[in-house]
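Please read the following report alongside the sequence and the 3D structure.

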Amino acid sequence: MAAQRVAVDRIKCDAHGLCADLLPEIIKLDDWGYPIVDEGNVPRELMEHARRAVDSCPMLALRLRAELVR
C-alpha cells in the first residue's frame, strides 16, 4: 500500500474549517480559516479520520494523494 498525504485545492477551498475539526493532527487553520496541511504522510491510525475529512469537505477541496514509498 502506498503512503497517503492530504492535499488541498486552494482554489476550491472556501475556509469552512471542517477539515481541521475532523483531522486536527494533520490540518491546522491559518488566521483566515484556510487549512495548513502537514506535509508528512498520514499515519495508518489516522487514515479513517483523513478519509472522513476528505469526504466531508463541502467544497470538495481535499483529497488523499498516494505517495511512492522509497
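## Fold and basis

Counted from the N terminus, the elements of the protein follow the order β-α-β-β-α-β, made up of 2 helices and 4 strands, where helices (H or I, at least four residues) and strands (E, at least two) are DSSP runs numbered from the N terminus.

This is a predicted model, in which local features need pLDDT of at least 70 and side-chain atom pairs count only at pLDDT 80 or more, while totals for chains, interfaces and linings use all residues. Residues are numbered from 1 along each chain as its sequence is written, and side-chain values use heavy atoms, with hydrogens and water left out.

Val6 is in contact (heavy atoms within 4.5 Å) with residues including Leu23, Val37, Ala50 and Arg63, not counting residues up to four places away in sequence.

## Gln4 and burial

Gln4, found in strand 1, counts as buried because its relative accessibility is 18%, buried meaning under 20% relative accessible area, exposed over 50% and partly exposed in between (1.4 Å probe, protein chains only). Among the residues that Gln4 touches, not counting those up to four places away in sequence, are Asn41, Met47 and Arg65. Of the 70 residues of the protein, 36% count as buried.
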